[in-house]
Amino acid sequence: MSGVPDMVQRDPNNLSDHIKVAFEDVIGEPEGAHSPDCVWVNSYKCFNCSRDCCYAVLTALCAIPLSFCWGCEFAWITFQHVWQIGPSLRIFMINCVCAQKFFSTCLHCCLGPICETCGLFFSQITVKNS
């Protein structure tokens with residue numbers, strides 16, 4: 001990761017594809033219910049201007065503090081995975097191997113002879129064609 005973000009492609013992973021904010025994606029008049037052309041054109045301009053201005057003001061006020069908060073949040077998640085969750089999972093897997101050996105041995109000792117006896121018993125059955 002470089003120190004400077006891409007200033008052209010600001011969503012390279014398409015995280016915000018579901019957010020449609022163009023006038024045509026939000027407002028549409030059906031056939032037979034058209035406003036006068038001057039209303040439609042001015043609504044288009046008003047929508048885009050207010051959207052752009054409000055977004056600029058909101059990002060100017062909130063983007064840096066929220067970026068700080070989200071950076072701390074993802075740092076905390078990374079810390080948890082590296083220092084808490086990862087080692088806990090490793091301990092769990094180590095204990096599961098021990099448990100697997102224990103139960104495997106118990107099944108082999110207790111059920112193995114029973115299954116072997118049943119196999120011998122059923123192998124002696126013959127079916128005669130009449």
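**Exercise 1. Find where Q124 sits, and say whether Q124 is buried or exposed.**

Step 1: Q124 lies in the segment after α2; helices are DSSP runs of H or I with at least four residues, numbered from the N terminus.
Step 2: Its relative accessible area is 62%, so Q124 is exposed (buried means under 20%, exposed over 50%, partly exposed in between, with a 1.4 Å probe and protein chains only).
Step 3: Between the C-alpha atoms of Q124 and L58, 66 residues apart along the chain, there are 83 Å.

A word on the model: it is predicted, so local features need pLDDT of at least 70 and side-chain atom pairs count only at pLDDT 80 or more, while totals for chains, interfaces and linings use all residues. Residues are numbered from 1 along each chain as its sequence is written, and side-chain values use heavy atoms, leaving out hydrogens and water.

**Exercise 2. Compare the span of α2 with that of a straight helix, and locate a bend.**

Step 1: Helix α2 covers residues 37-123.
Step 2: A straight helix of 87 residues would span 129 Å at 1.5 Å a residue (the expected span is 1.5 Å times one less than the number of residues).
Step 3: Between its end C-alpha atoms, α2 spans only 89 Å.
Step 4: Now look at C62, where α2 bends by about 45° (the angle between axes fitted to the seven residues ending there and the seven starting there). A proline, P65, follows within four residues.

**Exercise 3. Identify the partners in the salt bridge.**

Step 1: A search of the whole structure finds 1 salt bridge (a side-chain nitrogen of Lys or Arg within 4 Å of a carboxyl oxygen of Asp or Glu).
Step 2: R51 pairs with D52, and their closest N and O atoms are 3.0 Å apart.
Step 3: R51 is partly exposed at 27% relative accessibility, and D52 is partly exposed at 43%.

**Exercise 4. Describe D11 and N14 in the segment before α1.**

Step 1: Helix α1 covers 23-26, and N14 is in the segment before it; D11 is in the segment before α1 too.
Step 2: D11 has a relative accessible area of 18%, so D11 is buried.
Step 3: A polar atom of the D11 side chain lies 2.7 Å from the backbone nitrogen of L15.
Step 4: N14 is partly exposed at 44% relative accessibility. Its phi is near 55°, a positive value in a residue other than glycine.

Terms used. Helix = DSSP H or I, 4+ residues; strand = E, 2+ residues; numbered from the N terminus. Polar contact = N/O pair within 3.5 Å; in protein donor to acceptor, adjacent residues only side chain to side chain.
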